[in-house]
Amino acid sequence: MGSKLEGPSAPAIRRDPYEVLSVSRDSTDQEIKTAYRKLALKYHPDKNANNPEASEHFKEVAYSYSILSDPEKRRQYDSAGFEALDAEGMDMEIDLSNLGTVNTMFAALFSKLGVPIKTTISANVLEEAMNGTVTIRPLPIGTSVSGKVEKQCAHFFGVTINEQQAEAGIVIRVVSTAQSKFKLLYFEQDAHGGYGLALQEDSEKAGKVTSAGMYFLHFQVYRLDSTLNALAMAKDPEAAFFKRLEGLQPCEISELKAGTHIFAVYGDNFFKTASYTIEALCAKSYEDTSQKLKDIEAQILRKRTELRQFETEYRKALARFQEVTNRYSQEKQSVSFLASHIIQTSD
């Protein structure tokens with residue numbers, strides 16, 4: 001007996017995603033992300049177990065955010081509304097804490113098969129952070145800490161930097177030699193002493209480890225989201241080639257000021273604890289690497305522009321090739337038909 005993996009799907013009646021998130025059409029990515037997190041926390045199933053209406057609001061908020069958080073989907077919606085979107089191919093986020101054991105097993109299986117499964121952060125973790133009740137361990141610059149974090153839980157770390165370190169730039173990296181799934185989170189302190197989620201990076205497999213990093217280097221840093229449109233690309237190998245660099249997305253925050261900054265490692269495994277090592281580095285010691293990163297990102301951006309132009313040329317050439325191929329088949333049939341009549345007449 002099959003079991004369907006439940007995730008935030010398109011609501012029966014779809015409302016304008018800008019209206020759902022209470023943002024304007026010219027809102028920045030950060031404003032959209034902030035609005036989403038507030039509403040997702042408000043309507044999260046963990047906090048509204050006996051309120052079906054809140055669950056529907058949560059799905060609507062998640063669906064709206066899945067559109068506006070993706071530059072391409074947002075552009076499509078702005079130009080032609082919901083009709084321009086292929087809802088079936090849209091990447092959705094699921095809440096592991098709200099799944100039963102069977103559905104969690106299916107999610108884990110799909111993930112092992114290479115299907116991108118995006119997960120949300122537990123409302124309990126976000127609420128504790130907002131209330132300022134989390135335990136924060138110090139993580140001095142130039143040091144590393146190893147640990148194991150339970151699934152859907154988080155270990156918080158405080159990284160204190162001085163003016164010179166802030167000016168040089170900071171890098172926060174997390175690596176798991178056990179290839180655990182995790183999220184690297186960055187929180188900003190609010191006026192009430194709590195911590196609001198500002199950035200998150202999902203771990204990616206790199207060789208024999210999984211890793212995630214945040215780079216605050218005073219220039220625009222990009223990250224490659226490998227799950228972007230992965231399901232849609234799988235249906236069209238040609239599109240997969242042309243869209244391969246479309247996952248390059250700019251990070252929202254490029255620098256940190258002197259003071260203490262809060263990071264967390266969130267356990268994102270489906271069943272077991274996540275093993276990790278987190279380290280905080282000052283970019284002063286890696287100036288050559290930073291320049292190489294800037295150069296490589298510039299090359300990727302140029303190549304992405306070239307690929308977009310080449311795709312247009314390729315599609316036109318392919319359409320012309322198909323047109324000529326079809327005509328060839330038609331002409332071949334026509335010649336064969338006439339030839340057969342000539343033979344019959346001569347007989």
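A residue counts as exposed when its relative accessible area is over 50%, and as buried when that figure is under 20%. Keep those two cut-offs in mind for this predicted model. Ser22 sits in the loop between α1 (17–21) and α2. Along the chain, Ser22 and Ala35 are 13 residues apart.

Now step back to the whole chain. The protein chain has 347 residues, and 40% of them count as buried. Its secondary structure comprises 10 helices and 14 strands. The accessible surface of the chain is about 19,900 Å². Carbon and sulfur atoms account for 52% of that surface.

Next, find the open sheet. It is formed by 5 strands, in the order β3-β5-β13-β7-β8. The pairing in this sheet is mixed. The edges are β3 (136–138) and β8, each of which pairs on one side only. From one strand to the next, the twist averages 30°. Strands of a sheet pair through backbone hydrogen bonds, in a parallel or an antiparallel sense.

Follow β7 within this sheet. Of its 8 residues, 6 are buried, so β7 is largely enclosed by the rest of the structure. On one side, β7 runs antiparallel to β13, and 6 bridges join the two. Two of the residue pairs can be named. Tyr186 has Phe263 of β13 as its bridge partner. Lys183 has Tyr266 of β13. β7 also pairs with β8, again in the antiparallel sense, over 7 bridges. Here the bridge partner of Phe187 is Leu197 in β8. β7 and β8 form a hairpin with 5 residues between the strands. In that hairpin, Gly193 takes a positive phi near 90°.

Helix α6 (residues 123–131) comes next. Ala123, Val125, Leu126 and Ala129 of this helix are buried. Why do they lie on the same side of α6? They cover an arc of only 160° around the axis, and this puts them on the same side. An α-helix has 3.6 residues a turn, so residues three or four places apart point the same way.

Ser122 caps the N-terminal end. One of its side-chain oxygens lies 3.2 Å from the backbone nitrogen of Asn124. Just after the helix, Gly132 takes a positive phi of about 70°.

Finish with strand β4 (residues 144–149). In a regular strand, side chains alternate between the two faces of the sheet. β4 has one covered face and one uncovered face. Val145, Gly147 and Val149 make up the covered face. Ser144, Ser146 and Lys148 make up the uncovered one. β4 pairs with strand β14 (residues 274–282) in the antiparallel sense, over 6 bridges. Gly147, from the covered face, has Tyr276 of β14 as its bridge partner.

Terms used:
Residues numbered from 1 in each chain as written. Predicted model: local features only at pLDDT ≥ 70, side-chain atom pairs only at ≥ 80, totals over all residues. Heavy atoms only, no water. Buried < 20%, exposed > 50% of the residue type's maximum accessible area, 1.4 Å probe, protein only. Helix = DSSP H or I, 4+ residues; strand = E, 2+ residues; numbered from the N terminus. Pairing = 2+ DSSP bridges. Arc of directions from axis to C-beta. Polar contact = N/O pair within 3.5 Å; in protein donor to acceptor, adjacent residues only side chain to side chain. Areas by Shrake-Rupley, 256 points an atom, 1.4 Å probe, with all protein chains shown as cover. Axes fitted to C-alpha atoms, helices over the stretch in contact; angles between N-to-C directions.
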